[in-house]
Every structure is written in structure tokens, then in C-alpha cells.
Amino acid sequence: MLNSKNNIQKICISNIARQDIIHLQPYQSARIIDNNTYNKILLNANELPNNTIFNLKINTFNRYPEPQPIELLNNYSKYINININNILITRGADEGIELLMKVFCTSHDDYIMFFPPTYGMYKISAQILGIKYRIINNLQNQQLNLQKIKENLFNIKICYICNPNNPIGNLLQKEDLIQLLNITKNNTIIVIDEAYIDFCIKNTLVSLIKKYNNLVILRTLSKSFALAGIRCGFVIANIYIINLLRKVIAPYPVPQPVSDIAIQALQKKNINIMFNNIDILMNNKYWLIEHLKKISFVKYIYPSVTNYILVEFINAEYIFKYLYSKNIIVRSQNHEPQLKNCIRITIGSFDECKKLIFILNQLSL
Ligand SMILES: *Cc1c(COP(=O)(O)O)cnc(C)c1O
């Protein structure tokens with residue numbers, strides 16, 4: 001009974017909805033795979049294991065918040081050493097990815113470009129907005145294929161470049177990025193997604209905002225700052241681009257509790273704690289790599305400057321399921337043509353790293 005009624009509803013609605021949305025393959029959020037996080041070791045979403053406790057400074061919520069909270073702009077501006085007029089606060093870096101397409105791309109006409117293997121949301125946001133995309137795979141050495149990119153830049157409004165790249169964990173060559181910025185100066189926006197740049201902060205391109213009008217940088221508090229739960233990110237660009245983005249962002253996009261916590265996280269003392277957390281995590285990473293290297297069914301570990309490592313196993317599907325059965329959740333990349341048998345492992349606490357190695361060592365393949 002219920003079923004047939006549901007089916008009729010589904011048929012009616014599917015006549016109204018966009019066909020491309022009905023067939024859209026949505027983002028596989030790490031939390032969808034596993035709702036019940038109790039007792040599990042979560043190494044699949046590149047979150048930090050640190051759980052700092054924050055208290056809200058303001059506890060009443062009957063008024064709309066400041067559209068762009070000035071104290072948060074000031075604190076982030078100090079952290080990255082850029083004028084507040086060059087910053088837009090967003091609902092995570094993910095919102096920044098989409099806002100840029102809304103400003104620069106006309107549906108069904110314009111193209112974006114991205115460079116797999118890379119972060120999945122560039123493609124999905126484009127699909128949701130009906131924007132076309134052109135894909136240029138990275139070279140074998142995981143660097144940009146500049147030659148091929150140059151030949152295919154016609155009609156491209158935005159290039160999305162993840163640096164350091166997810167899921168590999170490597171940095172792209174600065175000379176390549178500069179060359180691309182120079183070639184595209186008057187025609188294409190170059191977006192550098194620096195979600196993981198705090199792990200190797202010297203490599204940020206933020207200071208180039210002044211030099212290249214077409215450069216846009218995305219940042220987030222979700223990873224290094226251990227604040228994935230508050231959904232807070234930033235777009236950094238010249239004033240003209242920031243003002244266009246302000247036109248299309250939703251009204252009051254930064255909830256009061258979000259800015260309250262973000263402002264605290266960006267105080268000098270807490271920024272020092274963040275960098276200290278990173279140091280500890282990097283030591284965990286070196287320890288983990290040393291021990292993974294000794295395991296016979298580990299084939300290759302990609303060099304990483306971030307809080308995750310991409311590991312090629314003899315049989316990733318088997319390893320993924322085995323770890324899952326032991327309550328250790330990692331992220332398989334086996335579906336990516338270039339990353340057969342690869343699993344992305346977030347660096348957890350030292351205890352979590354030890355547990356992972358202990359569990360893997362129980363296997364003999
Ligand atoms: C996690 C991640 C994001 C999304 O960040 P949010 O601020 O949580 O939306 C964007 N880009 C890359 C490369 C990421 O890994």
C-alpha cells in the first residue's frame with residue numbers, strides 16, 4: 001500500500017524535477033557512510049583528532065547575525081596578512097567553490113576545468129549548476145599537465161586547483177601555478193583550494209592576490225583548525241571579485257555561534273595551539289609511514305605534506321572491508337581510474353595510528 005503510494009509520488013515529482021539532478025551522483029560525504037560514529041576510529045574525512053572545547057560568548061539568537069562578522073574578518077585578516085576587503089566568510093570552502101561558479105559561469109554555456117585525481121566537489125558543484133567542465137588529468141608525477149592545459153583553455157571561466165592536492169597529499173610546483181596565472185591573466189579565474197595549506201603554510205599563494213587579479217584562494221577552518229563541525233571557510237581575492245561574491249551569497253550566511261567560535265579559534269594563543277597540533281600530527285604521520293613500509297601488502301605510500309596519506313595496497317577492497325570490520329573507517333579511492341587499490345588514510349591521534357598498525361599486522365596476505 002505504502003509502497004505503491006510512494007511510487008506514484010516519485011513518478012509525479014520526477015516529471016517536475018530536473019532530469020540531471022535525478023541522475024546526479026552526489027558527494028559521498030564521509031558521515032553518510034557511517035552515521036554511528038560511536039566507538040569507531042574515523043580516518044576517512046581528514047578531520048583533526050583534537051577536540052578543543054569552546055564556550056559561546058553570546059547565548060541569545062533572536063536577531064540576524066552580522067552578514068560578514070567584522071571581528072572574524074579582522075582575526076582572519078591578521079592570520080593571513082591580507083586586508084579585510086580581500087576576504088569573504090563562507091559556509092566552508094565548499095560554499096566558496098559554488099559561489100565562484102555562480103558569479104563567473106553561465107549555465108549550459110561556460111566551462112570550468114579541473115585536474116584529477118583531485119577533490120570531488122568541483123565537478124559536483126558544476127553539475128548542480130548546469131555548468132560544463134573539461135578535465136585534464138595530472139601527469140604521472142602528479143603535477144599539472146601544463147602543455148595540455150594551455151591547449152584547452154578556450155571557453156574556460158574557472159580552473160580549480162587543489163594545492164596541496166587531495167587525495168594525493170602533494171604540493172604542485174609553484175612555477176607551474178605562476179605560469180598558469182600568467183597565461184590566463186585576462187581570461188580565466190584561477191582558484192587555488194588551500195584547504196590543507198596550514199600544514200605547509202610557507203607554500204601559500206595568498207601574497208600573490210595583489211599581483212594577479214584572476215587569482216582566488218579558498219581556505220577553511222575544517223581541517224587544520226579542527227573545526228569541521230562549524231562549517232566556516234574563506235574566499236580570498238581582489239576587492240572586485242569579493243564584491244561580486246557578496247552579491248550572490250545567501251543573506252546572513254555566517255550563523256552567530258559559528259563566528260563566535262571562529263573568532264576564538266583565530267586568537268593568537270589558539271593559532272599557536274593549532275600549529276602545535278600540526279607538529280604532533282606530522283610526527284604521528286612519520287611514525288605511521290615507517291610502520292606501513294614494513295607491511296608486505298603495502299605497495300606504495302605517496303609522499304604527503306598534509307594530514308593524510310594515500311597508500312597503495314595489493315588489494316584495497318579487501319583491506320577497506322577488513323579495517324571496517326575492525327571499526328577503523330578509511331576512504332577508498334579504488335573507484336578512481338588512476339588510483340586503483342589506493343586508500344586515503346587520515347592521520348589520527350598516536351593511539352589511533354598504533355591501533356591501525358596493530359590491526360593491519362594481524363593480517364597475513
Ligand atoms: C575538506 C575540503 C574542502 C571543504 O572544506 P569545508 O570548509 O569543510 O567545506 C574543500 N576542498 C578540499 C580540497 C577539501 O579537502
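Colleague: In which loop is P164 found?

Modeller: P164 sits in the loop between β5 (156-162) and α8 (174-184). Helices are DSSP runs of H or I with at least four residues, strands are E runs of at least two, and both are numbered from the N terminus. This is a predicted model, in which local features need pLDDT of at least 70 and side-chain atom pairs pLDDT 80 or more, while totals for chains, interfaces and linings use all residues. Residues are numbered from 1 along each chain as its sequence is written, and side-chain values use heavy atoms, without hydrogens and water.

Colleague: What kind of peptide bond joins N163 and P164?

Modeller: A cis bond, with omega about -5 degrees. The bond from P116 to P117 is also cis, with omega near -5 degrees, and P117 lies in the loop between β3 (111-114) and α6 (121-129).

Colleague: How do α4 and α10 cross?

Modeller: Two packed helices are described by the angle and the distance between their axes. Here the axes of α4 (residues 70-80) and α10 (residues 256-265) come within 9 Å and cross at roughly 30 degrees. Axes are lines fitted to C-alpha atoms over the stretch in contact, with angles from 0 to 180 degrees between N-to-C directions. α4 and α10 are therefore roughly parallel, a term for angles under 35 degrees. Their crossing is left-handed: the near helix is turned anticlockwise from the far one by less than a right angle.

Colleague: Which residues come nearest to the ligand?

Modeller: A residue is near if one of its heavy atoms lies within 4 Å. Of the 13 residues around the ligand, A93, Y196, T220, K223 and R231 come nearest. By class the shell has five nonpolar, four polar and four charged residues; charged means Asp, Glu, Lys and Arg, nonpolar means Ala, Val, Leu, Ile, Met, Phe, Trp, Tyr, Cys and Pro, and the others, Gly among them, are polar. Helix α5 (residues 92-104) gives the largest share, three residues.

Colleague: Which oxygen distances does the ligand have to A93, D94 and Y196?

Modeller: A ligand oxygen is 2.6 Å from a polar backbone atom of A93, and one is 3.0 Å from a polar backbone atom of D94. A polar side-chain atom of Y196 lies 2.6 Å from a ligand oxygen. The protein covers 93% of the 380 Å² of accessible area (Shrake-Rupley, 1.4 Å probe) that the ligand has on its own.

Technical notes. A polar contact is a pair of N or O atoms within 3.5 Å; within protein, one must be able to donate a hydrogen and the other to accept it, and residues adjacent in sequence count only if both atoms are side-chain atoms. Angles under 35 degrees count as roughly parallel, over 145 as roughly antiparallel, 65 to 115 as roughly perpendicular and the rest as oblique.
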